[in-house]
Structures are given as structure tokens and as C-alpha cells.
Amino acid sequence: MPDIDQLMTFFAAIVVTAPVALVAILGGSSLLGYKLTEEAISRASQLAIGVGLVACVLILGMMLASDQRHVVLDLGNWVEFRTPDSGHGHGHYHFAVKFEFDRLSVPFAILSFVFCGTIGAFAARYMHREPGFNRFFVLYSVFLAGMITASLADTIETLFTGWEFVGLSSALLIAFFQDRPAPCRNGFRVWVVYRVSDAALLLAAILLHHMTGEGDFDKLLGTGPWPEGRASVTEEQAVLVGLLLLFAAAGKSALVPFSGWLPRAMEGPTPSSAVFYGALSVHLGAFLLLRLSPLIAVSLWLAVAVIALGLVTALYAYVVGAVQTDIKSALSFASLAQVGIIVAEIGAGHWIPFLWYVALVHLLGHASMRTLQFVRAPSLLQDYRAIENAIGGQLPRPPGLLRWAPVRVRAWLYRFALERGYLDAILSDYVARPFVAVFRWSDRNERWWTTFLTGTPGSGSEVPPAGPAPSAAPAASPYPKVELPG
């Protein structure tokens, strides 16, 4: 009879395989041109999510019933090579795929399965007869696979894979309604922000390889179960790696200065907004910081930076959310305020480690509440209108922003809140525009050198200005021109 370790490993394999199988079924049928019915898509989603959820709950039950604090599913080294060690680095590099089931990852994986299953059942009715029904569920399954991969990752390469799946599916679902320009523009904007913040995660992975020779978390965070592990790096290394990962978490969870993309994400369908920016995706950055809590325990300065970023984000979200008139935008900033508090709790765990458990419980409870609110939002507006029509007046509105402040301060504060802190304008003018200017300068130089080396003047020597390209002259009509009398 198999022992408990073998059973847990078997169920761990089911947890990892179920979302991947769903992506293969829905995505493979679309690529092969075989169109599944709405009922078949819904049943396949519920079956895969149900199997993964049951296996994950069984792992949690066996953990609680035994002394086994964690189990690792190791799929081996997919890339491995050795180089001569010069004494300044490590001669062994490998890319390993490992999944860790512990007190942190298992609750978050269960949360992902529960919410994806609930919102999937809701979306099957909400998106009924929508032309993009199949496309929605394909991207939804990619999101689920990314969430499970990122939450269970035991190496930074595995984490990066799930991280990218979550970002890609999120951006494509924001741009789900392709017939309107606003969703496509906002989806592209979110994708650009993700690219900038994900570059920090990639740099952290490279730095971790140079520090330890591999990307395994147990080499960085210690071999003890969460949160008892102790990082095996110096304080300076912890600050460097931790700040890069904090930058990556800020982009994924819309922390300051990346908070401007959060209301743009509301362009997607309500089911995706509920599970992405109310429950799971917006908390993924906080989950990353929880996973890296041993680094916060090592460095005082890193803990201070985490607390400061969390408090600034919570204050920003409160001020901006107080003036929102759209219910989804108001809920998104309310979620951001709580995420900021969760991040501050994680940073305070440097002095009180018990706060890491508090942050985890806060994360799980807040995600549950926001999911319900996002799903309830469309019908809530209808109920409000029905009540106001019945009573012949408006329901009481919440008080204004800082009513006790002087008039000029309130006016400036309202302008600041309505412009959402000018974060979009700052990123556009001082981050994106310099990059665009450098790229255009490089393009002009490349064209000049190409013309100079080929000796073909006129082929690229006249570089068009940096503004929009001039419109082409209209083509001659093949029909004769008819002049109307008079």
C-alpha cells in the first residue's frame, strides 16, 4: 500500500496536470478547427477544475493530518550545463521545473480553483451566445494554468512561466471586445506595463543564478517550510534581489507607480474582471512577496521599502477611489487599497513574523469578498434604479472626500483624484516617451547608414518626421467624373 508521501506526490501531479489538460483540450480543438459547443466547453472546464480542486484539498488534508509540512514535485532539469568556474561565479547552471506544496501555496491554489470554477460557471451563462465564447474560455484556461503554475512554483523559472501566462491572458481578455478601439488600446497599455515590470523579474532570475548557480527557491530562501525558512544570502544580496522582485510585484498588483492601468483593465467582460482584478491576479504580487518573506526577514531596508510602498498605494487608492462614479472602477480601487494594506502587513512581518499568516488570511478573505462584489455589480445597479424609482428620489450617497479640509485643498485633491494621480501621464511623458525618442533616433541613424553604404540616395536618406505619417494621395477612380447640373 502506498505511503503518504507517494499519495501526496500523486495528487500533486493531478493538481498540476488538470489545468494543462484543459488548455490542451480547449486550445487544441480551436487550433484544429473543431468547434465545441458551449455545454461541452463548460463541462470540460468544470471537470478539470473540480479534479484539480479535489486533489488539492486532499493534499491539504493529509498535511494537516500528518507531520508532512510540504511536498515537492520535481520534474527534473530541463536545461543543464557546466562551465569552468573562474572563482567569481558558479560553474553549474540548470533550468529546473519544480512545484512546492506547503502552507502558503496550497491555500492559494485552492483559492484559484474555487474562484475559477465559480466564475467559470457564472461566465457560461453571462457569455451565453457571445461570439467569442470559445475564445473567452481558452484564455480563461490559460489564466488558470498560469495561476496554478505561479502559486506552486519552487523555482524562479517556473514562477516566470506562470507569471507570463497570467499576464498574457489578462491583456487579451481586457481586449476581448475587439470591435471597439478602447478595449484594444487599454489591453495594449496593460501589456506594456506588464512588460516593464516583468523585466525586473527576469533580471532577478539572472541575478539569482549568478548568486547561487540556480533558480531554486530552497537555495535562496532556505530549506525550512514557509515561513520558517531562513535566506542563505547576505543582507546586500537580499536588498538587491528583493527590490527587483518588489518592482515586479508592483507591476502585477498595480501598486504605485503602476496603478494607472487598473481602471483600464475594467474594459474586459465582468467575469474576467471579477476573477482577475478582484480575486487572483491583483493579489499575485502580494503572494510573491509572501513567498519571499525570508528575504524580508534578512533586510531591514527591504522591509521598510515594502511597508512604504504598501501604505502609499493604500492611501492613493482611497483618495482616487472616493471620486469614481463607475462601479467597477470604484471596486477596483477598493481592492487596490486592501492590497496595499496586505503588502504593508507583509513588510511588517520583519519584526512580527505572525503577520505573514495574518496577511495570508487577509488575502484569502479579501479575494472572496471582492469576487462576490464584482459578480453582483451589474445586478446591483439595476436594483438601485428600481429602489430609486419606487421611492421617487435618490438613495443617500457617501460623503465627499475630506470634507473637513480647506476648500483649496479639497479642490486640488479632487483634481488629483479625478486625474488618478497623473500616473498615466507621468509614465507616458517620462518613461515611454524617452524610449520612443531613442528608438526613433536609432531608426534615423540606421536608415542614414543603409543609404550611405548602399549608395542609393533617396532610398532612405529622407527620414520622415517623428509625427504621424502623411496620408497617401487618393487613388484615381476608374469611373468617369460626372458633373451634376447647376
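Reply: The account below takes the salt bridges in turn and then moves to the surrounding helices and surface.

The model is predicted. Its protein chain holds 17 helices and 2 strands, and 47% of its 486 residues count as buried. The count of salt bridges comes to 12. Side chains of opposite charge can pair when their charged atoms come close.

The side chains of Arg43 and Glu39 meet at 2.8 Å, N to O. Both residues belong to helix H2 (residues 38-65), and because they are 4 residues apart, about one helical turn separates them. An α-helix has 3.6 residues a turn, so residues three or four places apart point the same way. Arg43 is exposed, at a relative accessible area of 59%, whereas Glu39 is partly exposed, at 49%.

A second pair joins separate elements. Lys98 and Asp154 form a salt bridge with an N to O distance of 3.6 Å. Lys98 sits in strand E2 (residues 92-101) and Asp154 in the loop between H4 and helix H5 (156-174), so this pair ties together parts that are 56 residues apart in sequence. Lys98 and Asp154 are both buried.

Arg195 and Glu164 are joined by a salt bridge at 2.0 Å, N to O. Arg195 is in helix H6 (residues 181-212) and Glu164 is in helix H5, so the bridge connects parts 31 residues apart in sequence. Arg195 is partly exposed, with 34% relative accessibility; Glu164, with 15%, counts as buried because it falls under the 20% limit. Salt bridges with shared partners also bring Lys98, Asp154 and Asp216 into one network.

Helix H4 (residues 133-152) carries Thr149, which is buried at 16% relative accessibility. Beyond its neighbours within four places in sequence, Thr149 is in contact with Phe99, Thr158 and Gly162.

Ser112, in helix H3 (residues 105-126), is buried with a relative accessible area of 0%. Leaving out residues up to four places away in sequence, Ser112 touches Leu144, Met147, Ile148 and Leu280.

Elsewhere, two helices pack against each other. The axes of helix H11 (residues 284-291) and helix H14 (residues 327-348) come within 10 Å and cross at roughly 5°, and H11 and H14 are therefore roughly parallel. Ala286, Leu289 and Leu290 of H11 meet Ile342, Val343 and Ile346 of H14. In H11, 8 of the 8 residues are buried, so this helix is largely enclosed by the rest of the structure.

On the surface there is a nonpolar patch formed by Tyr422, Ile426, Tyr430, Val431, Phe435, Val438 and Phe439, with about 730 Å² of accessible area together. Ile426 lies in helix H17 (residues 423-454) and is partly exposed, at 41%. For the protein chain, the accessible surface comes to about 24,600 Å², 66% of it belonging to carbon and sulfur atoms.

Finally, of the contacts between residues at least 6 apart in sequence, 77% join residues at least 24 apart.

Key:
Residues are numbered from 1 along each chain as its sequence is written. This is a predicted model: local features need pLDDT of at least 70, side-chain atom pairs count only at pLDDT 80 or more; totals for chains, interfaces and linings use all residues. Side-chain values use heavy atoms; hydrogens and water are left out. Patches are made of residues with over 30% relative accessible area and no salt bridge: like charges are joined within 9 Å, nonpolar side chains (Val, Leu, Ile, Met, Phe, Trp, Tyr) within 5 Å. Accessible areas come from the Shrake-Rupley method with a 1.4 Å probe; for residues, only the protein chains shown count as cover. A salt bridge is a side-chain nitrogen of Lys or Arg within 4 Å of a carboxyl oxygen of Asp or Glu. Buried means under 20% relative accessible area, exposed over 50%, partly exposed in between (1.4 Å probe, protein chains only). Contact means heavy atoms within 4.5 Å. Axes are lines fitted to C-alpha atoms, for helices over the stretch in contact, and angles run from 0 to 180 degrees between N-to-C directions. Angles under 35 degrees count as roughly parallel, over 145 as roughly antiparallel, 65 to 115 as roughly perpendicular and the rest as oblique.
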